[in-house]
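Take a look at the model below.

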Amino acid sequence: MKMANKNFHRIITVNASAEEVMKKISQINFWWVKEFSGKAEKLNDKFHVPMGKTFVDFQITELVPNKKVAWKVTDSNIYWLKDKKEWNGTEVVFEISEKGKATQIDFTHIGLVPEVECYDVCEEGWNTHITMSLAKFINEGKGMPKKF
């Protein structure tokens with residue numbers, strides 16, 4: 001059986017409204033990286049996520065209030081990869097849906113598939129940032145952003 005390309009995907013459920021979830025996702029310095037710069041709130045906003053010698057630049061390419069936000073990677077330097085620009089052109093997508101009093105976040109990194117060099121390390125990173133830090137920030141008001 002041939003394995004299909006599987007984009008990295010996680011689903012988390014949090015105790016907040018869709019509106020609150022959208023707001024918290026945009027506050028990257030509280031759940032991903034403290035040194036984040038730029039804005040991540042409106043369509044076409046651009047922002048920079050530095051991680052030591054690594055960085056990723058994003059632009060918001062799709063925004064449906066309280067339902068979906070997509071961040072396209074416009075530039076990156078993942079210094080420890082053979083292809084340091086491997087993330088360029090990939091997209092990070094948050095799809096949000098209210099489920100009773102809770103909200104479900106469908107997180108997909110389109111282009112982050114098992115065949116790419118970064119997959120294992122990046123999977124581990126997203127698992128920490130999304131399933132632990134973002135969930136904790138939304139549910140408890142305090143995430144675990146990295147400081148580089």
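Predicted model: local features only at pLDDT ≥ 70, side-chain atom pairs only at ≥ 80, totals over all residues.

Residues are numbered from 1 along each chain as its sequence is written, and side-chain values use heavy atoms, with hydrogens and water left out.

Start with α2, residues 119-140. Helices here are DSSP runs of H or I with at least four residues, and strands are runs of E with at least two, numbered from the N terminus. α2 has 22 residues and spans 29 Å from first C-alpha to last. That is close to the expected 32 Å, taken as 1.5 Å times one less than the number of residues. At S133 the helix bends by about 25 degrees, the angle between axes fitted to the seven residues ending there and the seven starting there. Just after α2, G141 has a positive phi of about 85 degrees.

Buried residues of α2 include W126, S133 and F137. Buried means under 20% relative accessible area, exposed over 50%, partly exposed in between, with a 1.4 Å probe and protein chains only. The buried residues of α2 pack against β1 (8-14), α1 (18-25), β6 and β7 (102-110).

Strand β7 holds T108. T108 counts as buried because its relative accessibility is 14%. Beyond neighbours within four places in sequence, T108 contacts N7, F8, H9, E91, V92 and V93; contact means heavy atoms within 4.5 Å.

Now move to W80, in the loop between β5 (68-77) and β6 (91-99). W80 is partly exposed, at 38% relative accessible area.
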